[in-house]
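These are my notebook entries on a single protein chain. I set down what I looked up, entry by entry.

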Amino acid sequence: MSSERLIYLPLGGAGEIGMNAYVYGYGKPGKERLIVVDLGVAFPDMDTSPGVDLIIPDIAWLEERRDQIEAIFITHAHEDHIGAVAHTYDRLRAPIYTRKFTANIAKRKMDEYGHPDDAVTTVAPWPQQTTVGPFKVGFLPMSHSIPESSSLVIDVAGDRLIHSGDFKIDMTPGVGEPYDPDLWADVSKDGVKALICDSTNVFSQHAGRSEATVGPEIEKLLGTAQGMVVATTFASNVARVKTLADAGERAGRSVVLLGRAMKRMVEASLETGVMKDFPPVVSPEEARGIPRENLMLLVTGSQGERRAASAQLARGKYMGLEMKEGDMFLFSSKTIPGNERGVIKVINAFSEMGVDIVDDSSGLYHVSGHANRPDLETLHDVVKPQILIPMHGEHRHLREHAKIANAKGMKGVLAVNGMMIDLSGNEPKVVEYVDSGRTYLDGSTQIGAMDGVVRDRIRMALNGHVTVTVIMDENDEALGDPWVDAMGLPEQGRSKASLVEILEADLAQFLGRANAKTLRDDDKLHDGLKRTVRQSANDEIGKKPEVTIVVSRLS
């Protein structure tokens with residue numbers, strides 16, 4: 001009988017930024033008791049996932065082992081860590097443990113989907129530990145860009161693992177808990193087998209700045225503003241939202257919150273006590289009666305999201321408020337790679353209105369929520385793990401982080417999504433590869449990445465679509481000519497004639513030449529009609545559209 005093993009398996013977030021999902025297991029091979037750390041989402045884009053609402057980790061491997069899962073632990077309330085809990089609950093049915101602020105957000109999500117409130121259990125921070133199966137798990141407070149972010153201390157079979165979660169080293173984070181080096185030293189003093197560590201900013205060579213450095217710069221900026229000031233940041237960065245609101249209040253401006261997420265995060269922070277106070281806010285209706293130079297709007301949409309408040313203001317009025325020449329718009333945020341197009345579109349729209357744009361190119365008005373390389377090394381030196389496993393990063397981030405670990409005498413392990421690592425002995429090793437893809441939330445339905453739905457949508461977007469309708473009579477002869485409906489295609493091609501008419505004429509010719517065997521056989525008829533459309537369209541417009549053939553037979 002084989003002995004127990006300790007495994008680590010990333011299903012999302014290792015080799016990409018977003019969609020975090022990590023599994024730890026202990027027991028006999030294939031029979032391990034499991035815990036899941038984080039269940040997050042990634043966000044779609046029109047190039048690779050048109051029409052999709054959210055991207056969720058493929059949890060088929062976990063679902064097959066549902067009866068082995070002891071619990072799900074959520075480190076913090078960012079969407080890339082918590083966003084999939086409600087979408088996957090029916091499939092996993094495992095209890096969810098997290099801290100008070102994150103639990104507030106999780107329960108709202110669960111309620112939205114009709115899941116029971118008591119599926120989410122609120123736990124206190126370290127030194128409290130939760131025992132589930134062979135694991136004892138404690139939430140170790142850590143600074144990040146959202147309140148109550150925590151690393152996890154995982155004790156199992158005499159070993160201690162630390163899962164860093166997202167973190168930065170900040171002694172003055174404003175809202176949320178500061179990094180406590182003494183606490184970390186105490187937790188690590190008896191030895192840590194493995195540190196599974198955030199790698200997002202591994203290439204940033206300078207030490208990270210504290211949230212406390214942002215406020216004075218924003219206050220200086222507000223002192224130069226003549227008209228209305230609008231500022232955007234990540235709604236979940238409650239410390240920044242408060243910094244902006246405090247600066248606005250000190251500048252004698254009335255503060256308005258615009259956007260559902262912004263209001264929800266401020267409410268959750270006050271409800272759970274992670275934020276003690278917040279400047280008084282006025283409603284958009286009240287704001288209309290206040291002089292522009294006395295207003296500061298805090299709005300959602302720092303990434304150029306089309307439906308968010310900033311994009312709506314860029315298109316004109318939102319909630320009765322609008323930007324005018326001489327107003328100022330501040331991005332107190334970093335543009336996440338991939339979102340540049342949406343952000344630039346918003347910036348240009350405001351520029352056309354005569355609005356002054358201030359972004360973070362100066363580095364004054366935003367600090368990252370992730371540890372830069374010197375701060376990662378600070379944590380390495382405090383924890384002194386035997387093994388370091390980089391996570392939360394693209395492949396290049398993970399590889400660089402593993403190289404740093406090896407150079408410092410730790411064993412760096414490069415583990416990407418689907419790679420199961422056995423941590424039992426002194427030499428970690430890959431023991432299995434697990435399918436780890438993605439699932440798309442498309443409207444109210446979850447579809448697999450390999451189902452072909454999104455692939456077909458991309459092909460239609462690239463090539464257009466043609467529907468051909470043919471009616472065949474009782475003698476298996478065409479009743480009249482076929483007709484064509486075209487979508488997403490130009491009206492005319494090289495010959496300057498109607499594209500639809502050319503396709504219909506070529507299809508009629510095909511039917512006129514087809515032998516009786518073809519006309520009787522739906523499959524042969526479909527193939528011939530489709531080939532004719534694609535060839536004719538290619539001759540005319542240089543594209544082969546997607547084709548749907550509808551053959552109706554009169555019985």
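Entry 1: I looked up Asp-159 and found it partly exposed, with a relative accessible area of 24%. The areas themselves come from the Shrake-Rupley method with a 1.4 Å probe, and for residues only the protein chains shown count as cover. This is a predicted model, in which local features need pLDDT of at least 70 and side-chain atom pairs count only at pLDDT 80 or more, while totals for chains, interfaces and linings use all residues. Residues are numbered from 1 along each chain as its sequence is written, and side-chain values use heavy atoms, with hydrogens and water left out.

Which residue forms a salt bridge with Asp-159? I found Lys-193, with the closest N and O atoms 3.8 Å apart. A salt bridge here is a side-chain nitrogen of Lys or Arg within 4 Å of a carboxyl oxygen of Asp or Glu. The pair links distant parts of the chain, 34 residues apart: Asp-159 is in strand E12 (residues 159–163), and Lys-193 is in the loop between helix H5 (181–188) and strand E13 (194–198). Helices (H or I, at least four residues) and strands (E, at least two) are DSSP runs, numbered from the N terminus. Lys-193 counts as buried, at 7% relative accessibility.

Entry 2: other salt bridges. I noted the general principle that side chains of opposite charge can pair when their charged atoms come close. By the rule above, the count comes to 36 salt bridges. I then looked up Lys-109 and Glu-79, whose side chains meet in a salt bridge at 2.6 Å, N to O. Lys-109 lies in helix H4 (residues 100–112) and Glu-79 in helix H2 (residues 79–82), so this pair ties together parts that are 30 residues apart in sequence. Lys-109 is buried, with a relative accessible area of 15%, whereas Glu-79 is partly exposed at 26%.

My next pair was Lys-408 and Asp-381, which meet in a salt bridge of 2.9 Å, N to O. They too link distant parts of the chain, 27 residues apart: Lys-408 is in the loop between helix H13 (395–407) and strand E21 (411–412), and Asp-381 is in helix H12 (residues 373–383). Lys-408 counts as partly exposed at 30% relative accessibility, and Asp-381 is partly exposed with a relative accessible area of 43%. I also found both residues in a network of salt bridges that links Arg-373, Glu-377, Asp-381, Glu-400, Lys-403 and Lys-408.

Entry 3: charged patches. Patches are made of residues with over 30% relative accessible area and no salt bridge; like charges are joined within 9 Å, and nonpolar side chains (Val, Leu, Ile, Met, Phe, Trp, Tyr) within 5 Å. Lys and Arg count as positive and Asp and Glu as negative, while His and the chain ends are not counted. The place of a charge is taken as NZ of Lys, CZ of Arg, CG of Asp or CD of Glu.

Which residues form a positive surface patch? I listed Arg-306, Arg-307, Arg-315 and Lys-345. Arg-315 is in helix H10 (residues 309–315) and counts as exposed, at 53% relative accessibility. A negative surface patch is formed by Asp-111, Glu-112, Asp-117 and Asp-118. Asp-118 is in the loop between H4 and strand E8 (120–122) and is exposed, with a relative accessible area of 64%.

Entry 4: strands E9 and E10. I followed the side chains along strand E9 (residues 129–132) and saw that they alternate. Strands E9 and E10 (residues 135–141) run antiparallel and are joined by four bridges; two strands pair if DSSP finds at least two bridges between them. Gln-129 stands opposite Gly-138 in E10. The hairpin of E9 and E10 has two residues between the strands, and Gly-133 takes a positive phi near 55 degrees there.

Entry 5: helix H3. I found H3 (residues 85–92) mostly covered, with six of its eight residues buried. Among the buried ones are His-87 and Tyr-89. Arg-93 follows H3 and has a positive phi, near 50 degrees.

Entry 6: the whole chain. I recorded 17 helices and 28 strands. Buried residues make up 53% of the 555 residues.

Note on methods:
Buried means under 20% relative accessible area, exposed over 50%, partly exposed in between (1.4 Å probe, protein chains only).
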